[in-house]
Amino acid sequence: MQLLTDQILTHVIQPRPANSYKGTFGRVLLVGGNQNFGGAIIMATMAAVHAGAGLVTTATDAVNLGSLHAQVPEAMFVNYHDKVQLSNLTSEADTIVIGPGLGDDFRSQEVLATVFANTQPDQTVVIDGSAITMMAHQKITQPAGHLIYTPHQMEWQRLSGIEIADQTTTNNLAVQQQLKATVVLKKHHTEIYEPTGQIYQLPLGTPAQATGGMGDTLAGIIGGFTAQFSDHQAAVLAAVYAHSAIAEELAETRYVVLPHQITEALPAFMQRYANQ
Ligand SMILES: NC(=O)C1=CN([C@@H]2O[C@H](COP(=O)(O)OP(=O)(O)OC[C@H]3O[C@@H](n4cnc5c(N)ncnc54)[C@H](OP(=O)(O)O)[C@@H]3O)[C@@H](O)[C@H]2O)[C@@H](O)CC1
Ligand SMILES: Nc1ncnc2c1ncn2[C@@H]1O[C@H](COP(=O)(O)OP(=O)(O)O)[C@@H](O)[C@H]1O
Ligand SMILES: [Mg+2]
């Protein structure tokens, strides 16, 4: 197991080429936010936009449209119950983030099925929150794409069948290798299992982060980083590192760090590493 350092940031975050446009930095589609959990997909969307994704679209319940655009007008919107539009947008994205606040009722299951039927082998698919829970409970087959699961420990228990107390690196690696996916196992000192079998550990993170929406925000940052940086595996590691490094900096003067505060600090934090 290898400890992550801030070298991952200098490796991944580069100055932007002058001759570029929004298409250079990738298209992200975020899918989630039912009638109760709109905040989750809004936080993920804000994170993807601030992380630098070129074009961001949010597929969510129509009830969330006003709040979404009030918080993040840079994002486009689609009603995720419109199967034709959702199918088309899914196949056109570079990175899809599915799960924050999606819920697990039959309508959420329909949305998941539409997205999973349309992902492409060359896309990055970040599977978070409710999407992991539904896959585990409904025994849903994995979609096409480079898959990145971002479970907390209970979501990993549901997906892997490994009880939290038994989530050792050896046990986790065995299941993750069968999934042939990247697994970001979120906890104090998050572990990242790569398809190669390499395991990384984040030496950062603070209990000031223990607040709802913190993982939704990480999913959005991973979405923004994988869409714009060509080394996708390194981009995941850099996203995980940046999320908690910013939280630790904010926690020096704050008892609690809110997810949107990390998001707001992200562009300035990235700029510090872009020219190193
Ligand atoms: N503002 C919004 O819209 C927000 C919307 N959200 C959305 O809600 C959806 C459901 O996600 P979820 O994580 O809240 O619920 P779920 O998957 O049932 O897991 C909780 C269960 O697992 C247990 N548990 C054990 N270990 C744990 C661990 N390390 N970390 C966490 N839990 C742990 C825990 O045990 P307990 O605390 O009860 O002892 C409890 O029994 C999802 O789509 C998410 O995106 C949230 O992001 C909040 C903000
Ligand atoms: N005590 C802690 N130390 C370090 N990181 C934490 C701590 N508590 C929570 N986090 C981080 O906060 C995030 C929580 O993710 P998750 O449970 O999915 O949140 P949500 O679904 O509410 O957005 C993870 O990145 C986790 O590592
Ligand atoms: Mg979560």
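Is glycine 215 buried or exposed? I counted 24 C-beta neighbours inside 10 Å, so glycine 215 is buried (20 or more other C-beta atoms within 10 Å is buried, 12 or fewer exposed, in between partly exposed, with C-beta atoms placed from the backbone).

I note that this is a predicted model, where local features need pLDDT of at least 70, side-chain atom pairs count only at pLDDT 80 or more, and totals for chains, interfaces and linings use all residues. Residues are numbered from 1 along each chain as its sequence is written, while chains are lettered from A and ligands numbered from 1 in the order in which they are written.

I placed glycine 215 in helix H9 (residues 214-228); helices are DSSP runs of H or I with at least four residues, strands are E runs of at least two, and both are numbered from the N terminus. Leaving out residues up to four places away in sequence, I found glycine 215 touching Asp128, Gly129, Thr150, His152 and Lys186 (contact: C-beta atoms, placed from the backbone, within 7 Å).

I then looked up the record. The unreviewed UniProt entry lists Lys186, Lys187, His188, His189, Thr190 and Gly215 under "binding site"; such annotations may be inferred rather than shown by experiment. These residues are spread over 30 residues of sequence but cluster in space, with a largest C-alpha distance of 13.6 Å.

I turned to lysine 187, which sits in the loop between strand E8 (182-185) and strand E9 (191-193). Lysine 187 has 14 other C-beta atoms within 10 Å, so it is partly exposed. Beyond its neighbours within four places in sequence, lysine 187 contacts His152 and Gln153.

Technical notes
Contact = placed C-beta atoms within 7 Å.
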